[in-house]
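Subject: Structure handover

Hello,

Here is the structure we talked about. Please open it alongside the notes that follow.

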Amino acid sequence: MNRNIWNLAQLAAASLLFANQAVAQVPSATISGPIPADKAGSGTLNTIYSASAIELDAAGYVEEEYFIQGRANRYSDSELENASIVDSDHRYKTRLIVRRPEASAFNGIVIVEWINVTGGPDKDIDWWQSGSHFIRNGYAYVVVSAQQMGIDTMKQWSDARYGSLDVTHDGMATRDELSYDIFSAVGKAIYRVGDSPASGDVDILDGLRAEQIIATGHSQSASRLATYLNNVHPLEPVYDGVMVHGGGGRIRDDQPVKIFKIMAETDMPRRAASPQPDTGTFRQWEVAGSSHVDIPFEIEYGKVRNLRQRLSLENVQPRDQGCDLPTYSRVPFRDVMNAAFDHLVVWIRDDIAPPTAEPLQLRRMMPEVEFARDEYGNVLGGIRLAEHVVATAKNTGMNNGSNRFCFLYGSHQPFDQATLDTLYPNHNAYVDAVREVAQQNVADGYILPLAAQQTIREAQDSDIGR
């Protein structure tokens with residue numbers, strides 16, 4: 001779609017929904033780059049911080065880093081209402097990473113991730129979870145460093161490369177208030193079908209033109225995306241859809257943008273007692289037995305750290321987090337997330353809403369939320385994958401311990417042999433049960449066929465029932 005037509009449609013929708021609100025324009029920004037960098041894994045301090053550890057070259061993908069600078073507004077933060085501009089003209093300079101396929105493989109969809117900074121380092125978590133899916137299907141991917149904590153970490157690592165970056169206007173805006181306009185500015189810098197860059201402008205996708213631009217973010221980034229959707233994005237809509245992953249409170253659904261919220265079991269105790277209903281523009285899925293931080297997350301993070309330190313990417317193991325229970329659920333949240341992204345694309349393009357899903361079941365709401373569980377301790381309700389239904393362990397989103405992040409890691413406690421023998425008297429019975437659930441998950445739209453095939457293959461290769 002031509003960018004002018006798309007902008008007119010978005011502004012018309014916004015004017016109908018927010019007729020009494022003044023439309024604020026996102027200030028323009030300037031992009032420079034690609035910034036020259038040494039090859040990821042070379043061990044120098046002139047590589048891209050948070051470079052992808054998922055193989056790109058063999059898939060025909062290019063990874064480049066750019067700097068973006070401009071002026072940003074600060075906004076009021078009225079809950080579930082359009083923001084107003086508090087003041088303007090705040091300087092910022094930050095970075096973005098682009099991962100793009102060859103033109104012949106591009107599917108027209110650009111995902112823009114609000115990078116997570118919990119604990120300090122930039123972490124493009126949704127790329128870790130779904131990057132292989134995006135590569136298989138020809139998505140382009142952009143990650144945005146919108147918050148100062150991540151920039152501070154990059155500066156500590158390589159001041160020579162990142163020392164000029166700052167999103168605080170020299171200390172005048174220290175609560176990441178400029179992050180919202182930064183995130184909008186990156187979305188606006190992506191050219192849509194029918195667009196051409198003005199003379200001298202940098203085309204970060206090198207000629208690729210977007211049919212859709214979708215925002216995503218995990219955990220703390222999801223919470224900031226929720227605020228962005230509630231307050232700032234309606235002032236000048238930039239994104240066609242948003243994937244809110246693992247965080248965020250209630251989100252306004254009175255706007256044209258399609259919003260998909262996908263949550264692990266870990267994410268629901270604070271939210272289950274006040275559910276937000278699905279609507280024509282909002283959908284929420286909750287994945288039973290999954291954890292906020294899981295095995296794929298932890299392994300991909302380990303690979304990224306190893307790549308930065310010129311260490312092997314082979315046989316990376318999860319860290320011992322010192323929690324009360326064995327950490328990291330084995331329920332593959334990413335399988336559901338991959339399906340959700342594909343549904344979001346169709347929802348935006350064809351206005352075909354994703355399937356609905358049951359929420360996790362509650363045993364009680366007061367004085368605090370308690371989930372209903374089966375005799376083995378696995379939660380009831382929600383999207384129920386084969387790894388959860390045809391259980392070989394107690395997988396939960398819950399944990400505790402001296403590590404302040406233990407509550408995010410979930411738990412995995414394998415059943416003893418006697419329990420396994422009782423549940424699965426022979427191997428074929430186990431594999432047949434897995435196959436039935438996996439195929440039903442595909443039919444329900446909760447996972448993709450490739451995920452079902454992998455799940456069945458893993459069951460066939462297991463020792464369960466032998």
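This is a predicted model: local features need pLDDT of at least 70, side-chain atom pairs count only at pLDDT 80 or more; totals for chains, interfaces and linings use all residues.

Two strands count as paired if DSSP finds at least two bridges between them.

Strand 3 (residues 85–100) and strand 5 (residues 140–144) pair in the antiparallel sense, over 4 bridges. Val98 has Val142 of strand 5 as its bridge partner. The open sheet has 9 strands, ordered 1-2-3-5-4-6-7-8-9, with mixed pairing. Strand 1 (29–32) and strand 9 (282–287) are at the edges with a single partner strand each, so one side of each has no neighbour in the sheet. From one strand to the next, the twist averages 20°. Helix 6 (residues 220–232) packs on the sheet, and its direction makes about 130° with that of strand 6.

Next, the cores. The largest nonpolar core has 111 residues. Val142 is among those with the most contacts inside it, as are Phe183 and Trp285. Helix 8 (residues 333–350) gives the most to this core, 8 residues. A second, separate core has 12 residues, including Ala386 and Leu420.

Then the rings. The whole structure holds 22 aromatic pairs. Phe134 is in helix 2 and Phe341 in helix 8, 207 residues apart. Phe183 and Tyr228 are also edge-to-face, at 5.7 Å and 90°. Both are buried. Phe183 lies in helix 5 and Tyr228 in helix 6, so their pair ties together parts 45 residues apart in sequence.

Lastly, the charged end of Arg308 sits over the ring of Tyr49, 4.0 Å from its centre.

Best wishes

Terms used
Residues are numbered from 1 along each chain as its sequence is written. Side-chain values use heavy atoms; hydrogens and water are left out. A nonpolar core is a set of buried Ala, Val, Leu, Ile, Met, Phe, Trp, Tyr and Cys residues joined through side-chain atoms within 4.5 Å. Buried means under 20% relative accessible area, exposed over 50%, partly exposed in between (1.4 Å probe, protein chains only). Helices (H or I, at least four residues) and strands (E, at least two) are DSSP runs, numbered from the N terminus. Axes are lines fitted to C-alpha atoms, for helices over the stretch in contact, and angles run from 0 to 180 degrees between N-to-C directions. Contact means heavy atoms within 4.5 Å. Rings of Phe, Tyr and Trp (its six-membered ring) pair if their centres lie within 6.5 Å; planes under 30 degrees apart count as stacked, over 60 as edge-to-face and the rest as tilted. A charge sits over a ring if NZ of Lys or CZ of Arg is within 6 Å of the ring centre and within 35 degrees of the ring normal.
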